[in-house]
Amino acid sequence: MNTDVPNHDEIEIDLGELFFFALRKIEYVILAVVLCSVISFAITTWCITPMYTSTAKIYVLNRQSTDTVTSSDITSSTYLTKDYIEMIQSRTVVESVIDELDLDVSYEGLLSVMTVTAESDTRVVSISVQDPDPFQARDIADAICQASVAHIKEIMELESVNIVDAANIPTSKSSPSVTKNVIIGALIGFLISLAVIVVVFLLDDKVKNSEDVERYLGLSVLGMMPLDEKLVREKKKRKRKESRKKGRKIRR
């Protein structure tokens with residue numbers, strides 16, 4: 001019993017042929033890129049709430065002496081910066097701000113719109129707050145700044161905790177970025193169109209040349225007849241004439 005069955009599971013892809021096939025479909029790629037870019041622009045402009053970011057800064061110094069500032073004071077303050085960040089994000093500080101401003105938000109909700117950072121080798125801690133209302137963002141950042149100063153002084157028993165910059169009123173939105181989202185939309189459109197083109201190319205099993213005959217039918221091509229373009233044009237003309245004649249007969 002012959003068990004030699006041709007394996008049709010393996011698919012050979014001619015990258016050159018795929019490239020030229022995709023090149024012939026370039027108008028669909030451009031259309032998909034433009035369409036996805038427009039959709040992304042529309043969603044970013046009309047469906048996403050713009051956010052404004054206000055930032056306040058505090059300076060924390062762990063002094064061992066009230067008279068002078070030593071290098072050990074600066075070094076120890078730098079090492080304790082992460083502790084200060086944790087204190088600013090503590091439930092005590094955040095919930096006191098919620099109560100003070102009568103905010104309709106939970107501790108986790110306010111924490112999610114807060115960003116507390118510190119530049120390396122500095123004692124300056126930045127407190128940023130995002131909100132759809134720029135004035136509300138300023139008020140929350142200021143309140144967190146004030147509450148943090150009091151909390152750090154109480155826990156660390158420090159005197160040198162000062163506000164470097166009060167929170168500002170942002171004049172331009174921080175998110176979303178229209179340019180960034182449009183670029184992402186264009187990239188998504190390009191990838192989707194490219195994927196569709198590859199799938200169409202792989203599913204196309206039409207016999208186009210001698211290589212396809214050998215590949216799909218397992219037959220050897222002995223010869224090829226050149227295509228006479230004049231005969232093709234004449235054949236198309238005859239078909240058009242015949243269709244016109246049939247149309248006239250039907251009308252009669």
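# A chat about strands, cores and a surface patch

Guide: Let's start in β3, where the bridge partner of A56 is I127. This is a predicted model, with local features needing pLDDT of at least 70 and side-chain atom pairs counted only at pLDDT 80 or more, while totals for chains, interfaces and linings use all residues. Residues are numbered from 1 along each chain as its sequence is written, and side-chain values use heavy atoms, leaving out hydrogens and water.

Visitor: Okay, how do β1 and β3 pair?

Guide: They pair in the antiparallel sense, over eight bridges. Two strands pair if DSSP finds at least two bridges between them, and strands (E, at least two residues) and helices (H or I, at least four) are DSSP runs numbered from the N terminus.

Visitor: And what about β2 and β3?

Guide: Antiparallel too, over five bridges; T115, for one, has S128 in β3 as its bridge partner. β2 and β3 form a hairpin with five residues between them, and D121 in the turn has a positive phi of about 65°.

Visitor: Is β3 mostly covered or mostly open?

Guide: Mostly covered, with six of its eight residues buried. Buried means under 20% relative accessible area, exposed is over 50%, and partly exposed lies in between (1.4 Å probe, protein chains only).

Visitor: Which residues have the most contacts inside the largest nonpolar core?

Guide: Those are I58, I88, L110, M114, I144 and I152, in a core of 31 residues. Such a core is a set of buried Ala, Val, Leu, Ile, Met, Phe, Trp, Tyr and Cys residues joined through side-chain atoms within 4.5 Å. α7 gives the most to this core, with eight residues.

Visitor: What does I152 touch?

Guide: Leaving aside residues up to four places away in sequence, I152 touches I58, V60, Y84, M87, I88, E157, L158 and V161. Contact means heavy atoms within 4.5 Å.

Visitor: Switching topic: which residues form the nonpolar patch on the surface?

Guide: I184, I188, I192, V196 and V200, with about 410 Å² of accessible area together. Areas come from the Shrake-Rupley method with a 1.4 Å probe, and for residues only the protein chains shown count as cover.

Visitor: Why does V196 count as partly exposed?

Guide: Because its relative accessibility is 47%. V196 is found in helix α8, residues 178-203.

Terms used: Patches are made of residues with over 30% relative accessible area and no salt bridge: like charges are joined within 9 Å, nonpolar side chains (Val, Leu, Ile, Met, Phe, Trp, Tyr) within 5 Å. A salt bridge is a side-chain nitrogen of Lys or Arg within 4 Å of a carboxyl oxygen of Asp or Glu.
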